[in-house]
Amino acid sequence: MRLFLLCLLLLWPTFRAAAQDSGVANRAQTPEQAASTSAETETTQESTLRFEDFPAKVFQRKPARNIQVHPKDAWARAVEPHIREAMKRGADFGGHFSVVLVNCGNACIAARMVDLRTGQLFWIPGGYQLNLEYYLESRLMRVAWAEPTENPVCVRQDFEWTGRKFVKRYEDREDVTDTTECSGLAYIGKPPQ
């Protein structure tokens, strides 16, 4: 029994961090809260997360020379000129990432980001009719996209870049009759001029 309690005590921070990453922590609700939550989910809500609450240290050196592409990653090899152009453009997200947006068809945008320090590529979450909002000084990325299924859904999500992966911090799903009804974000990447 003592061994079990000792293991639990030692592993508790790990379990808590995993629960927070998956969004499970702090979800206990009273019946009144559950009733108000179900009423609130019927209407579209905006995220209350602010970009300035997720600061990022800005990278000030020259970017990496090489792109780290997995040998089986045909997409990255096909759009390597776009990736190199993004690296030349410089960081525009999370302090040291350059977002690469490549048109892949009708209303389709493939999105990745390249770490300017290492040249490593990372996928950006999202789907059909992708729309992003992000800033150089922030680790928060706002994503809006459409799920073109039999019952179309507009999805708005906020993700925090943790240094290794994106962790979902907010999600709102709205049922629509057509994906063209999905409102995008005000701009992609940079504030309007």
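**Figure 1. Phe93 and Phe166 in the predicted model.** Both Phe93 and Phe166 are buried, that is, under 20% relative accessible area with a 1.4 Å probe and protein chains only, where over 50% is exposed and in between is partly exposed. The model is predicted: local features need pLDDT of at least 70, side-chain atom pairs count only at pLDDT 80 or more, and totals for chains, interfaces and linings use all residues. Residues are numbered from 1 along each chain as its sequence is written, and side-chain values use heavy atoms, with hydrogens and water left out.

**Figure 2. Aromatic pairs.** The structure holds 10 aromatic pairs. Rings of Phe, Tyr and Trp (its six-membered ring) pair if their centres lie within 6.5 Å; planes under 30 degrees apart count as stacked, over 60 as edge-to-face and the rest as tilted. Phe51 and Tyr135 form an edge-to-face pair, with 4.7 Å centre to centre and 80° between the planes. Phe51 lies in the loop between helix H2 (31-40) and helix H3 (74-78), and Tyr135 in the loop between strand S4 (128-133) and S5, so the pair ties together parts 84 residues apart in sequence. Helices (H or I, at least four residues) and strands (E, at least two) are DSSP runs, numbered from the N terminus. Phe51 and Tyr135 are buried. The pair of Phe93 and Phe166 is stacked, at 6.2 Å centre to centre and 25° between the planes. This pair links distant parts of the chain, 73 residues apart: Phe93 is in the loop between helix H4 (80-89) and strand S1 (97-105), and Phe166 is in strand S7 (residues 166-175). Ring pairs also join Phe93 and Phe166 into a cluster with Phe97, Phe122, Tyr134, Phe159 and Trp161.

**Figure 3. Nonpolar cores.** A nonpolar core is a set of buried Ala, Val, Leu, Ile, Met, Phe, Trp, Tyr and Cys residues joined through side-chain atoms within 4.5 Å. The largest has 18 residues, and those with the most contacts inside it are Phe93, Met113, Ile124, Leu132, Met141 and Phe166. At least two residues of this core come from each of S1, strand S2 (108-115), S4, S5 and strand S6 (153-161). S6 gives the most, with 4 residues. A second, separate core of 15 residues includes Trp75, Ala86, Met87 and Leu116.

**Figure 4. Surroundings of Met113.** Contact means heavy atoms within 4.5 Å. Leaving out residues up to four places away in sequence, Met113 touches Phe93, Phe97, Ser98, Val99, Val100, Gln120, Leu121, Phe122, Ile124, Trp161 and Phe166.

**Figure 5. Two arginine side chains.** Arg142 is found in strand S5 (residues 140-147). Arg142 counts as buried because its relative accessibility is 13%. Its side chain makes a polar contact with the side chain of Asp158 at 2.9 Å; such a contact is a pair of N or O atoms within 3.5 Å, and within protein one must be able to donate a hydrogen and the other to accept it, while residues adjacent in sequence count only if both atoms are side-chain atoms. The charged end of Arg112 sits over the ring of Trp123, 3.8 Å from its centre (NZ of Lys or CZ of Arg within 6 Å of the ring centre and within 35 degrees of the ring normal).

**Figure 6. Lys88 in helix H4.** Lys88 lies in helix H4. At 77% relative accessibility, Lys88 counts as exposed. The C-alpha atoms of Lys88 and Lys62 are separated by 9.4 Å, with the two residues 26 apart along the chain.
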